[in-house]
Amino acid sequence: MSIANADQPVADDTPQMQHLAPLQPDDAAARPAIRPPALAAIGDDSRRTSGFIGAETGMTRSRRTQNSLYASEERFRSLVETSLFGVCIERAGRPLFVNQAFADIFGYASSDELMALGTLDVLYPLGEPQRLAQACKHLPGGRSPSQHEIRGIRKDGSLIWLHAHSRIVPWDDGTALQSTLIDVTLRKRYEDHLQHQATFDAVTDLPNRSLALDRLVSAIEAARRRASCVYVLFIDVDHFKKINDTLGHTAGDRLLRQLAQRLKASVRQMDTVARLGGDEFVVILGDVRLPDDAAAVAGKIAEACSRPFLLDGQETFVTVSVGAAAFPEDGDDAEDLLRSADAAMYVGKENGRGQVHFFTPELRQRSHDRLRREVALRHALERGELTLHYQPLIEIRTGTVVGAEALLRWCDPEHGNTGSDEFVRLAEDTGLIVPIGEWVLATGCRDLRRWIDAGHDHLGLCVNISARQFRGSLPAAIRSSLDAYRLDPQVLTLEITEGVLTEDPGEFKAMMDRLVADGIRLAVDDFGTGYSSLSYLSRVPLDTLKIDRSYTGGVLGDATRSTLVDALIILAHRLHLRVVAEGVETADQLDFLRIRGCDLAQGYFFSAPLPADDFLQLLDERRTVAAVG
Ligand code: C2E
Ligand code: MG
Ligand code: MG
């Protein structure tokens with residue numbers, strides 16, 4: 001690279017300048033890159049020596065100018081050669097000049113070693129230099145340089161990232177490409193790392209939800225162009241919580257990783273396997289021609305996952321439920337398609353798990369109905385469509401009513417009076433259970449106050465509480481209901497399912513301890529239907545254990561069930577828990593429970609759940625019977 005703008009070309013006997021071609025004096029375009037400071041220096045020098053100008057011959061003047069230019073060029077040459085930025089001037093892939101920093105960046109001992117290659121092709125992956133030159137093509141010299149990030153190859157073969165400023169400069173009779181480069185590999189790696197973290201799941205290293213959605217969007221666009229199909233398979237591990245609960249989270253993570261490998265092995269290279277979170281995975285099959293092809297992959301996945309997993313040297317079996325949906329039939333966009341596949345997967349779960357289900361138009365209808373019902377439920381509370389029914393809790397030994405369980409009823413204008421099982425789940429899924437639960441507490445306390453005021457002052461109230469409510473401000477809601485109706489905390493029992501006890505023991509336990517410290521009782525509801533370990537019975541401050549009605553119903557005809565109920569009563573008593581048998585329907589069942597020492601019973605044998613007024617009537621009647629008796 002020449003840094004002079006001399007009347008005469010710089011003498012070619014300067015050894016250091018061997019790679020640098022001289023610029024022509026009228027080469028204005030080349031000046032800004034290298035000349036202005038040099039010219040200033042020349043100007044200063046000439047001013048300082050102006051007193052001698054008259055005495056100088058033309059020859060001397062020319063010599064002095066030349067010397068001064070030479071000195072200036074030397075300064076610039078040294079500046080460029082000692083620069084920490086790599087500098088390279090090239091033409092058609094041949095190096096014309098490189099500095100030491102450039103050689104360092106590419107791992108060569110010296111600029112001479114690099115120049116001796118005679119080509120820059122080995123320094124860049126195929127196509128990279130052309131891309132750079134192409135971008136600079138329309139930039140005349142002197143304008144601001146074009147900036148790029150390009151990849152380079154070091155002498156040891158490793159790939160590096162470079163930030164380059166390039167422009168075309170006049171050179172000899174033609175032009176050359178002048179680039180200044182810095183190595184940005186570390187920054188690039190860090191950016192890649194951050195990008196990876198944002199788009200990949202940390203446990204399985206599969207794409208996460210956001211990347212899966214991006215890929216699905218692209219797959220749908222491609223399918224639109226080619227008039228082909230995209231299939232989404234939604235995969236959920238059945239009873240994954242059980243693995244976490246029994247083997248621990250580390251084993252759970254290991255299972256997820258092994259599962260991810262099996263899913264990847266079941267699909268083509270071009271397909272995406274992603275983890276949406278928890279035990280939910282999604283597979284995107286692009287460009288599918290026949291539904292049978294998708295069915296074959298879904299079957300392959302289900303089969304691959306049903307083989308045993310080795311966790312801590314122990315064989316573990318799981319099943320997965322798979323839901324499949326196709327673009328364009330089952331969804332118009334990525335979110336819609338994912339929803340459809342999810343809905344199909346749920347049908348599989350409801351039908352016994354471990355199944356593959358394809359989305360159907362009826363399912364679409366079902367999800368529309370569910371949406372309508374959700375909207376209706378949102379209004380139910382404000383429109384006064386919710387009521388409470390109460391089922392008496394009987395002390396077996398004495399036959400007296402000692403309490404009432406509050407059970408929600410929804411008098412829906414469209415569907416009439418509906419039992420709580422179905423809509424409570426909807427309320428839980430939507431979070432509506434929190435305001436509804438507060439209403440239940442307040443209404444239950446109000447009714448209990450009426451019964452106490454009517455002379456039934458020995459009664460307690462049992463209220464069902466969902467896991468979701470444990471994340472809200474439950475203690476405050478309880479306190480305000482009890483205070484509003486001047487009730488002792490001891491009258492209230494909260495019924496929670498095994499799921500709550502095992503879902504997040506740490507988080508819930510603190511709240512349970514606090515509630516119990518306030519004097520409130522806790523009961524575990526539907527005992528025996530969960531899949532959890534028994535250890536929580538001793539860890540959580542429980543007062544009562546309610547044996548699920550499926551056990552009570554089987555105590556007489558089913559030897560295993562009767563043995564289990566027997567054992568449960570003994571176990572609960574050892575842990576100082578009261579035992580309630582739910583769903584008692586016959587006198588024989590009651591006799592069985594009485595003989596086994598069960599404390600309390602509840603069921604149609606005594607009474608179905610009743611509206612508050614009817615419940616009061618029942619209390620009055622039983623009191624009269626007792627008095628007469
Ligand atoms: P649960 O707490 O186990 O309530 C007992 C269920 O068994 C009630 O169903 C009741 O009507 C029914 N049942 C009572 N006696 C008998 C019997 O002898 N035989 C049979 N086969 N069934 C009997 P329901 O009212 O449909 O409630 C279902 C579930 O909905 C409840 O189960 C409870 O988990 C939930 N639930 C009800 N009300 C609420 C509430 O206010 N909040 C919350 N979070 N959940 C509620
Ligand atoms: Mg209950
Ligand atoms: Mg129950």
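Ligand 1 is surrounded by 25 residues, the closest being S420, S466, R549, E585 and Y604. A residue counts as near a molecule if one of its heavy atoms lies within 4 Å of it. The model is predicted: local features need pLDDT of at least 70, side-chain atom pairs count only at pLDDT 80 or more, and totals for chains, interfaces and linings use all residues. Residues are numbered from 1 along each chain as its sequence is written, chains are lettered from A and ligands numbered from 1 in the order in which they are written, and side-chain values use heavy atoms, without hydrogens and water.

| Side chain | Atom of ligand 1 | Distance |
|---|---|---|
| E405 | oxygen | 2.8 Å |
| E582 | oxygen | 3.2 Å |
| E585 | nitrogen | 2.6 Å |

Is D525 buried or exposed? D525 is buried, at 5% relative accessible area. D526 is partly exposed, at 22%. The cut-offs are under 20% for buried and over 50% for exposed, with partly exposed in between (1.4 Å probe, protein chains only).

Now the strands. Helices (H or I, at least four residues) and strands (E, at least two) are DSSP runs, numbered from the N terminus. Two strands pair if DSSP finds at least two bridges between them. Strand β19 (residues 544–547) runs parallel to β20 (residues 578–581), joined by four bridges. I547 has A581 as its bridge partner in β20. Strand β21 (residues 600–601) is also parallel to β20, through two bridges. There, V580 stands opposite L600.

An open sheet holds five strands in the order β2-β1-β5-β4-β3, with antiparallel pairing. Its edge strands, β2 (94–98) and β3 (146–153), each pair on one side only. From one strand to the next, the twist averages 35 degrees. Within this sheet, β4 (residues 159–171) and β5 (residues 174–183) share ten bridges. L162 stands opposite D183 in β5. Helix α7 (residues 185–199) lies across β3, β4 and β5, at about 130 degrees to β4. Contact means heavy atoms within 4.5 Å. Axes are lines fitted to C-alpha atoms, for helices over the stretch in contact, and angles run from 0 to 180 degrees between N-to-C directions.

Most residues other than glycine have a negative phi, and most peptide bonds are trans. A227 has a positive phi of about 55 degrees. A227 sits in the loop between α8 (209–226) and β6 (229–237), and is exposed at 69% relative accessible area. D312 has a phi near 50 degrees. The loop between β9 (309–311) and β10 (314–316) holds D312, which is exposed at 53%. The peptide bond from F327 to P328 is cis, with omega near 10 degrees.

Methods. A polar contact is a pair of N or O atoms within 3.5 Å; within protein, one must be able to donate a hydrogen and the other to accept it, and residues adjacent in sequence count only if both atoms are side-chain atoms.
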